[in-house]
Amino acid sequence: MKKTVCKAAVLLLAALLCILPLGAAAENDAPVKNIAEDSVPDASGIGAAAVYNIENETFVYEHNADAVFAPASLVKLMTAVCAYEALCDRLDETLTVEYGMISAASGNQVGYYVGETVTLRDLFGGLLTRGANDSAYLLAYAAAGGTDAFVARMNEKAAALGMSATTYKNPTGMTAEGAATTARDAVRVAQAFNEIDFLTSISGSVQYEMPATNKSPVRIIYNRNALASRVSETGYFDSRVTGLNAGSTTEAGYYAASAVGSETLHYLIVVLGAEERDGKNLAYTFTSKLATYAMSGFGYVEVIKASGAVCEIPVELSSTADYVTLVPASSLTLYLPLSTDISTELTLSYRLEHESLEAPVEEGEVVGVYSVSKGGELLGSVDLVTKNSLPRSEFLVVLRAIENFTKSVFFLGTLAAAAVLTILYFVICAIRRRRGGRRTSQHRYRAR
């Protein structure tokens with residue numbers, strides 16, 4: 001009797017452990033906190049900005065990310081992408097400059113001569129280092145036969161990338177009525193650009209050497225993006241920046257799109273409509289601040305350890321133990337703010353496929369799922385598995401078989417039939433005895 005009571009208590013306790021939430025699972029889901037507010041850069045003087053982590057496809061910072069701004073120099077990211085898609089197999093072909101091709105160019109230029117023959121590769125070099133507008137127009141002619149057709153292609157590409165708030169009016173980014181974009185859209189084209197090594201490598205180089213042509217000696221074209229180049233000692237150089245684009249217009253302000261990263265994490269940072277304050281280009285300074293914010297504040301955090309016990313589940317038909325411990329099949333690492341307090345900001349919960357197991361149980365047997373969520377949103381999960389093996393007890397198997405047999409319809413029917421037959425037997429016997437007694441009485445009466 002004692003043993004039966006103890007066994008029942010253990011089974012009840014194990015069941016409760018699998019039903020109740022872990023201590024780490026708070027009743028009220030707490031949102032994942034951002035890193036300390038004092039580490040978030042002050043965005044005063046910045047029109048819009050966004051920081052996007054490439055590996056985890058997530059924005060870690062947004063400031064007016066959906067506000068509409070002129071696209072300005074960031075247009076050249078799309079110019080480069082569309083031109084490369086059309087010309088990537090023809091980079092060593094040449095183009096002879098005609099006046100009509102470059103007559104609309106103003107602002108930054110390489111200074112090509114009418115009648116000059118240049119390679120398509122060198123046009124990309126001028127576009128991506130100096131931000132040369134004459135290179136942009138020449139690439140438009142080489143890729144689509146003219147500016148209008150090329151701009152139409154740019155807008156088609158923007159739609160394909162999901163840049164719903166963006167409209168291009170020219171391939172240079174010079175001020176044009178109706179041209180528009182957002183920081184969120186700028187990240188999308190920056191990502192498309194960054195995926196093309198040819199473009200990124202040129203945009204991150206200190207200079208581009210353009211070979212001599214029929215009209216010009218060798219040109220050394222220095223990168224005007226002060227984040228990626230040390231040609232002039234501006235104090236903006238940031239060794240974490242691997243490329244992309246920067247520029248400005250009088251009407252729109254200062255812009256920068258940058259790729260930064262470490263060995264494991266890479267980011268795209270865009271800044272739009274920044275001001276100049278105290279002689280400082282805020283698009284540059286804010287980019288560096290955002291790079292520090294992202295690279296020092298976010299990373300991979302182990303939220304589930306493979307060795308930690310989660311709960312216990314009852315086991316039947318084993319004489320070794322009445323339950324088995326469940327553990328995560330593997331650890332789980334998530335990309336989060338490094339300041340995340342797992343015990344208070346995340347919810348850990350589990351779901352079991354069965355209320356109990358039946359021996360034999362194998363080590364590593366999957367019996368459920370262990371999940372991590374935040375504010376009701378699932379962040380990740382791993383399998384829940386048995387920590388050890390439990391053998392089957394053949395004696396308990398026999399007892400189970402006997403128990404099941406005694407509860408079967410056949411057994412109960414047989415038992416009922418036997419009972420009926422037994423009762424019937426006694427009834428018949430009683431009737432016979434009564435009849436036998438009557439006959440004896442009658443015989444004695446007659447004998448008198």
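**Getting to know this predicted model**

Q: What makes β16 and strand β18 count as a pair?
A: They are joined by 6 bridges and run antiparallel. Two strands pair once there are at least two bridges between them, so these two qualify. One example is R351, which stands opposite V369 in β18. Keep in mind that what you're looking at is a predicted model.

Q: What makes β18 and β19 a pair, and in which sense do they run?
A: Here the count is 8 bridges, and the sense is antiparallel. With at least two bridges needed, β18 and β19 therefore count as paired.

Q: Why are β16 and β17 called edge strands?
A: The open sheet has 6 strands in the order β16-β18-β19-β14-β13-β17, with mixed pairing. β16 (347–352) and β17 (357–358) each pair on one side only.

Q: Why is helix α4 said to be largely enclosed by the rest of the structure?
A: Out of its 10 residues, 9 are buried, so the rest of the structure largely encloses α4 (residues 120–129). The buried ones are L120, D122, L123, F124, G125, G126, L127, L128 and T129. After the helix comes G131, which has a positive phi near 70°.

Q: Which residues have the most contacts inside the largest nonpolar core?
A: They are F124, Y168 and L199, in a core of 63 residues. Its largest share, 9 residues, comes from α2. Setting aside neighbours within four places in sequence, F124 touches A80, A83, Y84, L91, L139, F198, L199 and I202. Another core lies apart from this one, with 29 residues that include A226, Y236, V260 and V271. As a general point, nonpolar side chains tend to be buried together in soluble globular proteins.

Q: How do you know that the buried residues of α6 are on the same side?
A: First, who they are: T147, F150, V151, M154 and A158. They cover an arc of only 100° around the axis, and that puts them on the same side of α6. They pack against α2 (75–87) and α5 (133–144). The face turned away from them carries the exposed residues D148, E156, A159 and A160. In general, an α-helix has 3.6 residues a turn, so residues three or four places apart point the same way.

Q: What span does α6 reach, and what is expected?
A: The 14 residues of α6 (147–160) reach 20 Å from first C-alpha to last, close to the 20 Å expected at 1.5 Å a residue. The helix is followed by G162, whose phi is positive, near 80°.

Q: Why is the contact between D66 and R184 called a salt bridge?
A: Their closest N and O atoms are 2.7 Å apart. The cut-off is 4 Å, so the pair counts. R184 has a relative accessible area of 16%, and the limit for buried is 20%, so R184 is called buried. Salt bridges with shared partners also join E62, D66 and R184 into one network. A search of the whole structure gives 10 salt bridges.

Q: What makes E116 and R219 a tie between parts of the chain?
A: They form a salt bridge, with the closest N and O atoms 2.7 Å apart. E116 is in the loop between α3 (99–102) and β4 (117–119), and R219 is in strand β6 (residues 219–222), so the bridge ties together parts 103 residues apart in sequence. Both E116 and R219 are buried.

Q: Is T213 buried or exposed?
A: Its relative accessibility is 19%, under the 20% limit, so T213 counts as buried. T213 is in the loop between β5 (207–210) and β6. Beyond neighbours within four places in sequence, T213 is in contact with E116, T117, V118 and R219.

Q: Why do E302 and K305 get separate labels for accessibility?
A: E302 is at 36%, between the limits of 20% and 50%, so E302 is partly exposed. K305 is at 52%, over 50%, so K305 is exposed. The two form a salt bridge, with closest N and O atoms 3.0 Å apart.

Key. Residues are numbered from 1 along each chain as its sequence is written. Side-chain values use heavy atoms; hydrogens and water are left out. Helices (H or I, at least four residues) and strands (E, at least two) are DSSP runs, numbered from the N terminus. The expected span of a helix is 1.5 Å times one less than its number of residues. Buried means under 20% relative accessible area, exposed over 50%, partly exposed in between (1.4 Å probe, protein chains only). The arc is that of the directions from the helix axis to the C-beta atoms. Contact means heavy atoms within 4.5 Å. A nonpolar core is a set of buried Ala, Val, Leu, Ile, Met, Phe, Trp, Tyr and Cys residues joined through side-chain atoms within 4.5 Å. A salt bridge is a side-chain nitrogen of Lys or Arg within 4 Å of a carboxyl oxygen of Asp or Glu.
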